Amino acid sequence: MKPGPRLIGPLYRPVDPTTLVGVASDGSRGDAYRLTQSTAVAARALILAAEAEGHAIGIASGYRTPEHQERLFARAVAKYGSEKDARRWVAKFSEHATGQTIDWNLGIQNSSENASSGAFAALPAWQWLAEHAPKMGWTPYEREPWHWTFNPVS
């Protein structure tokens, strides 16, 4: 299995939220986050594979409504001063609305500062994720090292 393209532009399709399943931060069944069934299964498999090799990763964010994303974007505009600058770190239309995207907890804060400083690249858990997640159908978002989308291509 290999990763497919990111779910942006013409591939962006918000999911029907009634079709999502609940998962915990470790990918098991729970109520903390919601994902598509196939993404939940793939997340659990990735978490267990990382654990088996001594790396602790967990889910920090899953599905977001388009309305929630609009609020996040408005906050980013206030923080960075313009829509142009905000778009570097927060999307107006997020892949999270597809139910196929996860922000991973890799042990440090998921922030623009940590992304731009290269802090993620120094983490063994992120290095493992970067090597193994694409083989399991996950596509990264380069600007946000914690943001990965499950969109496998057979």
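Some conventions follow. This is a predicted model, in which local features need pLDDT of at least 70, side-chain atom pairs count only at pLDDT 80 or more, and totals for chains, interfaces and linings use all residues. Residues are numbered from 1 along each chain as its sequence is written, and side-chain values use heavy atoms, with hydrogens and water left out.

As to confidence, pLDDT is the predictor's confidence in each residue, from 0 to 100. The protein chain averages 94, and 99% of the residues score at least 70. Among its elements, the lowest mean pLDDT, 83, belongs to strand β1 (residues 2-3), and the highest, 98, to α1. Helices (H or I, at least four residues) and strands (E, at least two) are DSSP runs, numbered from the N terminus.

I return to threonine 101, which is found in strand β5. Is threonine 101 buried or exposed? It is buried, at a relative accessible area of 0%; buried means under 20%, exposed over 50%, and partly exposed in between, with a 1.4 Å probe and protein chains only. Leaving aside neighbours within four places in sequence, threonine 101 is in contact (heavy atoms within 4.5 Å) with residues including Leu35, Ser61, His96 and Thr149.

I turn next to the sheet. It is open, with 4 strands in the order β4-β5-β7-β6 and antiparallel pairing; two strands pair if DSSP finds at least two bridges between them. The edge strands, each pairing on one side only, are β4 (58-61) and β6. From one strand to the next, the twist averages 45°. Helix α1 packs on this sheet, touching β4, β5, β6 and β7, and its direction makes about 25° with that of β5. Axes are lines fitted to C-alpha atoms, for helices over the stretch in contact, and angles run from 0 to 180 degrees between N-to-C directions.

Strands β5 and β7 are joined by 3 bridges, and aspartate 103 stands opposite histidine 147 in β7. Strands β6 (residues 138-141) and β7 (residues 144-150) are joined by 4 bridges, with a hairpin of 2 residues connecting them. Tyrosine 141 has glutamate 144 in β7 as its bridge partner.

Which residues have the most contacts inside the largest nonpolar core? They are Leu46, Ile57, Ile59, Trp104, Leu106, Leu129 and Trp138, in a core of 29 residues. Such a core is a set of buried Ala, Val, Leu, Ile, Met, Phe, Trp, Tyr and Cys residues joined through side-chain atoms within 4.5 Å. The elements giving two or more residues to it are α1 (37-52), α2 (66-80), β5 (101-105), α5 (124-132) and β7. Helix α1 supplies the largest share, 6 residues. Leaving aside neighbours within four places in sequence, leucine 46 is in contact with Ile57, Trp104, Trp128, Leu129, Ala133, Met136 and Trp138.

Finally, threonine 39 also lies in helix α1. Threonine 39 is buried, at 0% relative accessible area. Beyond four places in sequence, its contacts are Gly99, Gln100, Ile102, Trp138 and Phe150. Thank you.
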